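Subject: Handover of a structure

Dear colleague,

Please find the structure below, followed by a summary of what was found in it. I would be grateful if you would read the two side by side.

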Amino acid sequence: MDTEKDIKHRIEELEIQLRHIQNDYDLTRQEFDEASGNYLETITELHEKNKTLLDFQKNLEELVTRRTKELRETKEILQVKADEQQVILDSSPALIFYTDAENRFVRVNQSFSNTVELPIKEIIGKTIKDIFPEDHVRMERDNNYVLRTGETKNQILEQIHTKKGKRWIVSDKIPYKDLKGSIIGVIGFALDITDRKALEKQLVHSEKLAAVGRLVAGVAHELNNPLAIISGFSELLKDAPCVDEKNRKMIDSIIAASERSASIVENLLRFSRKSKMEKTNVDLMKIIDDAITMTNNSIIGECVNIIKQYTDLPETDGDASQLNSVFVNLINNARDAMLSAKKGDTITISGIVKDNVIVFEVYDNGPGIPDENQNEIFDPFFSSKEVGKGTGLGLSICYGIVTEHNGTIYLDNSYKDGAKFVVSLPVSETTCKSSEENGHSKIPEFANILIVDDEPQIIELEKMLLHGLNGGYMIDEAEDGETALELIKNNNFSYDLVLCDMKMPGSIDGLDLYKTLYERNKFQASRMIFVTGDISGETKDFLDKNHLYYISKPFNMEKFTAVIGEFFFNSNKKK
Amino acid sequence: MDKVDHSKLTTVQNTITNILNTVNNPDSSVKDLKYIIEVDPLLTANVIRLSNSAYYGYPKRVSEVQEAIICIGFDAVKELALSIKVSELFAGKEHFSGYSRVSLWKHSVAVALCSKMICRREFKRRGGNMYAAGLLHDLGLIILEQFEIRMFKEVFARNRRENKGLVDLESETFGFSHMDVGKKVAELWGFPDEFVYAIGNHHEPLNAPEEFSLVSNIIFIADQICQSQMIGYTEKGELDKKTYFSALSRIGINEKSVELIMKEVKTDFKKMEDEGLI
């Protein structure tokens, strides 16, 4: 049985326990609240972190979208720029290329592609050796120099082999550096100067020709005087009484030889001059007939036939004698070739009209022209004949004449049975009247004459010729312009005739004399007849325009007499 | 004294000091404690492992220090961390003359539990400090044992043979007691003043200064009662009944309360033992 004491003890214990538990509970409660607070804090923190993360993610997404858009736009701009660049690069006639450090092509422009005849895609990635198998060693050497030293190599002149043949190019090679400054490739610009070089060659060639021309003109001029003397005195000699038949024959030979020489000189002069020819209506049929006649004279006995194949041909505008010499030349060339090769016997000349152009074909059945010579036949001084036979000027003169007549002449090398030349000339646009020829002549009984020439022998000759006409003429002489002027002044400007050489040394030549006289005494000026070795464009124009008389050297008695006669006839009329 | 300065104990000291400071600082947060623990990976691992033991009765799995703090409580984690750290001091299998580190540790834990409970149940105070003080009150013994082993052994042998109190024997042999040593070390290590005095007066609570009187007395009482119940290491000799009752009246609690509390302590202690926390 529990006593009171026990119960009291028990209650005491329980009370203590209760107090203990109460205290503990309160404290635990506190701790719990704290823990809850902590927990809530942590949760809130987490929540906020999560929110930040979500915001960040949203921002990131927006950023990505924006950046993607920017990127796409930039890409588009870049593409446009790249296209622009390509257009610019391609429009350049220069060859533009870019190779990397291993001499592989990274980029080329259209001109480059055209030159090597490969599409751009097939060039990129290949090495210099692949594209230029014959030139790569030299090119690589230049490239490597640039790559190694970082220096530009300018104005490299080189020849490259392409499918079109060899081309000359001038290139610049420039090192291509990256952002850090290290050299990663070579950029090249090259210009194809093959055409320019060809042009230069042509220019040099024409200048040479011009120089030759000048030389030739000079020589020809010089020759005219001695020739005049030879033929003039020979003619006079012929009529001399002491000359017998045998001697006369020898003199004829001399005259023939000098005429031939004169003809050669005339050819030379024609070659060298920029002549303005007399333009008249020219009947080509007649000219060809003349040419055949002329050459026939020397063909006699040599069994060459000439066949004409044309009927009615219109006229052309031009110089009859010049066109004549073209056909003479072609016929002579054909004849000479057939003779020396002992092959062929027929020359055919055909002519048709096509589109306002008269086209002649002059062909033979001879040996033809060898391939290696075909490019040079129209060059001056080119001759396939032996030395001494032919000057080589023939075809080049023909070329000049035909071209001056606005026509063309060329060798048809598809014709293999001989040589065939094709000459085209435009149909005449106008008809013009041929100049009238005066046939009138008068030789006066008495005249006061002044001869002006720097060559004493010519003076002698002219004197003899004049005395041949009429022994009673009073003849004065002057060897230069100044002396002539003096004599004229002393004679009161009243010579009936002043026979004056055009080209004279000293300060006054023929023309100067005329001009001086014209100002001081028109009468005396009108009494001048010019003697000239070269009747070329300017001079001829001047003389014709002023209706002045002239005799060209070398002259024969016939010509001389004719001009003098006409002169006196007309001047007497004026008086 | 200065030998103590440099030793392997220093690392342990740092952590303990840090924890104690957190304990004392009313503003210290979950984060602060978390950082202190997480700096020491071994400690972290142990804290998390032990947080999951059935002792704490939390149903869900704890895998993080922060989680532990929230789920089993700030104080609980504090105490746990402290225990783990302090137990490192007691590591080792030395034993002689009735003394072993293991038994001393068990005694310290018992004193800690008891002090804490007294504080909470009688004085309605949280008692975190009490727990720590309890764990550390015999710090001096550890120090002496580690650094003056020969003389220490002697003292213990004599305690067994003779019936003199440990403190007296120590004073005779060293000139100071384990209380003094403990106090000095506590000071050296920068423990809060509360601890310094609790450790320094745990056999003479009545000598403690006024502000620390409560702490010192509670520790003393707990120490005495645990020894009388022979939990862990027990000093040979008579309990100082006189001082005991003075202490009780000094702080105003009665014997019965303490007895009842002790019952709980034993139960708790057993639980902890079973769960491997000790």
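The side chains of Ser428(A) and Asp317(A) are joined by a polar contact of 2.9 Å. A polar contact is a pair of N or O atoms within 3.5 Å; within protein, one atom must be able to donate a hydrogen and the other to accept it, and residues adjacent in sequence count only if both atoms are side-chain atoms. The model is predicted, and local features need pLDDT of at least 70, side-chain atom pairs count only at pLDDT 80 or more, and totals for chains, interfaces and linings use all residues. Residues are numbered from 1 along each chain as its sequence is written, chains are lettered from A and ligands numbered from 1 in the order in which they are written, and side-chain values use heavy atoms, with hydrogens and water left out.

Ser428(A) lies in the loop between strand 12 (420-426) and strand 13 (448-452) of chain A; helices (H or I, at least four residues) and strands (E, at least two) are DSSP runs, numbered from the N terminus. With a relative accessible area of 17%, Ser428(A) is buried. Buried means under 20% relative accessible area, exposed over 50%, and partly exposed in between (1.4 Å probe, protein chains only). Leaving aside residues up to four places away in sequence, Ser428(A) touches Asn281(A), Glu315(A), Thr316(A) and Asp317(A), where contact means heavy atoms within 4.5 Å.

Chain B has 15 helices and two strands. Of its 278 residues, 56% count as buried.

I turn next to the interface. In all, 17 residues of chain B are in contact with 18 residues of chain A. About 1,800 Å² is buried between the two chains, 49% of it from carbon and sulfur atoms; this buried area is the accessible area (1.4 Å probe) that two parts lose on being put together, summed over both. The rule finds 11 residue pairs in polar contact across the interface, both residues at pLDDT 80 or more. Helix 15 (255-275) of chain B is one of the helices that each supply at least two residues of the side of chain B that touches chain A, and its four residues are the largest share of that side.

A salt bridge is a side-chain nitrogen of Lys or Arg within 4 Å of a carboxyl oxygen of Asp or Glu. Lys256(B) forms one with Glu13(A), the closest N and O atoms being 2.7 Å apart. This pair runs from helix 15 of chain B to helix 1 (residues 4-91) of chain A. Lys256(B) is partly exposed at 25% relative accessibility, whereas Glu13(A) is buried at 15%. Lys124(B) and Asp26(A) form another salt bridge, with 3.0 Å between the closest N and O atoms.

Within chain B, the side chains of Arg121(B) and Glu264(B) meet in a salt bridge (3.7 Å, N to O). The pair links distant parts of the chain, with Arg121(B) in helix 6 and Glu264(B) in helix 15, 143 residues apart. Arg121(B) is buried, with a relative accessible area of 9%, while Glu264(B) is partly exposed at 37%.

Yours sincerely
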